[in-house]
Amino acid sequence: MNRQAQAVVLLLLGGAVVRASVTDLYLRYVKEGLRPLLIAAGLVLVATAVTTLWYELRPPATGDHGHEPGDGHEHHSHHGHEPRIGWLLLLPVLGLLLVAPPALGSYAAEQAGTALAAEQQPSDYPPLPPGDPAPVTVLDYASRALFDRGASIGGRRVRLTGFIVAGPDGQPMLARMMLSCCAADGRPVKLGLTGDVPLGLPNDTWVEATGRYSDRVGRDPVNDAEIPYLAVESWREVPVPRNQYE
């Protein structure tokens, strides 16, 4: 590609990054705290593209009638022989602008083992948040259920939000993807369900489940890690949350 084409690709890429960052689209791919860095990176790309286009399209200075060999301009006569693979840079741009892949969901959860490994050591957990039921994340409940054996939960009711994923026995489980940085390192946290189990829902249906601690424990066939259970008392379908990751 010549420099003008490179600048156009940079402009499109930077614009796509800025567009994803100023909306909630970026939450499908990275943690919420990375938004300022994404906006800054997108603006730098846009500024670089605009500067390059201005430099390439500006009228030549008076008296600039030619170029000496070795002054950096003779490469323009050979750009037709450069590899065209650079145009592949347009693919992620088109992906962000036109396709926008969804956040990780049930398919990713089925392919990966639960993120809670058996070698993790118990720790002191703070009291549950106030309220009845107490709002907790899937990760918080799973950690307390496995490594605290429910001691910090006691007999209190909890409320969790996650998406449905089919378990190894075909029964629905509640899951939530956990990110360390971005979707590339996303790992699922899975919960088995007993009691009023939400049957008949397709994968990736988001539900809010209310229940109590269950001492039942299963095994994840992917990595043989323990999966805690929730004794569901009630549940309801909810819209997809703004941030689908924990």
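The structure is a predicted model, in which local features need pLDDT of at least 70 and side-chain atom pairs count only at pLDDT 80 or more, while totals for chains, interfaces and linings use all residues. Residues are numbered from 1 along each chain as its sequence is written, and side-chain values use heavy atoms, with hydrogens and water left out.

The protein contains five helices and six strands. Helices (H or I, at least four residues) and strands (E, at least two) are DSSP runs, numbered from the N terminus. Their order from the N terminus is α-α-α-α-β-α-β-β-β-β-β. Of the 246 residues, 37% are buried. Buried means under 20% relative accessible area, exposed over 50%, and partly exposed in between (1.4 Å probe, protein chains only). Among contacts (heavy atoms within 4.5 Å) with a separation of 6 or more, 70% link residues 24 or more positions apart. The accessible surface is about 13,700 Å², and carbon and sulfur atoms account for 60% of it. Accessible areas come from the Shrake-Rupley method with a 1.4 Å probe; for residues, only the protein chains shown count as cover.

Helix H3 spans residues 90–99, and its buried residues are Val93, Gly95 and Leu96. Viewed down the axis of H3, these residues fall within an arc of 160 degrees, so they line one face of the helix. The arc is that of the directions from the helix axis to the C-beta atoms. Helix H1 (3–22) is part of what covers them. The face turned away from the buried side carries exposed Leu91, Leu98 and Val99. Alanine 100 follows H3 and has a positive phi, near 50 degrees.

H1 and H3 each supply at least two patch residues. H3 gives the most, with five. Leucine 88 sits in the loop between helix H2 (35–57) and H3. Its relative accessible area is 49%, partly exposed. Valine 50 lies in H2 and is partly exposed at 46%. Valine 50 is 42 residues from valine 8 in sequence, yet their C-alpha atoms are 8.6 Å apart.

Strand S4 (residues 187–195) has seven of its nine residues buried, so it is largely enclosed by the rest of the structure. Five bridges join S4 to strand S3 (residues 172–178), and the two run antiparallel. Here methionine 177 stands opposite proline 188. Four bridges join S4 to strand S6 (residues 226–237), and this pair runs parallel. Leucine 193 has leucine 230 of S6 as its bridge partner. Two strands pair if DSSP finds at least two bridges between them.

The peptide bond from aspartate 132 to proline 133 is cis, with omega near 5 degrees. Proline 133 is in the loop between helix H4 (106–111) and strand S1 (134–135). Arginine 149, not a glycine, has a positive phi of about 50 degrees. It lies between helix H5 (138–147) and strand S2 (158–166). Aspartate 204 has a positive phi near 75 degrees. Its loop connects S4 and strand S5 (206–219).
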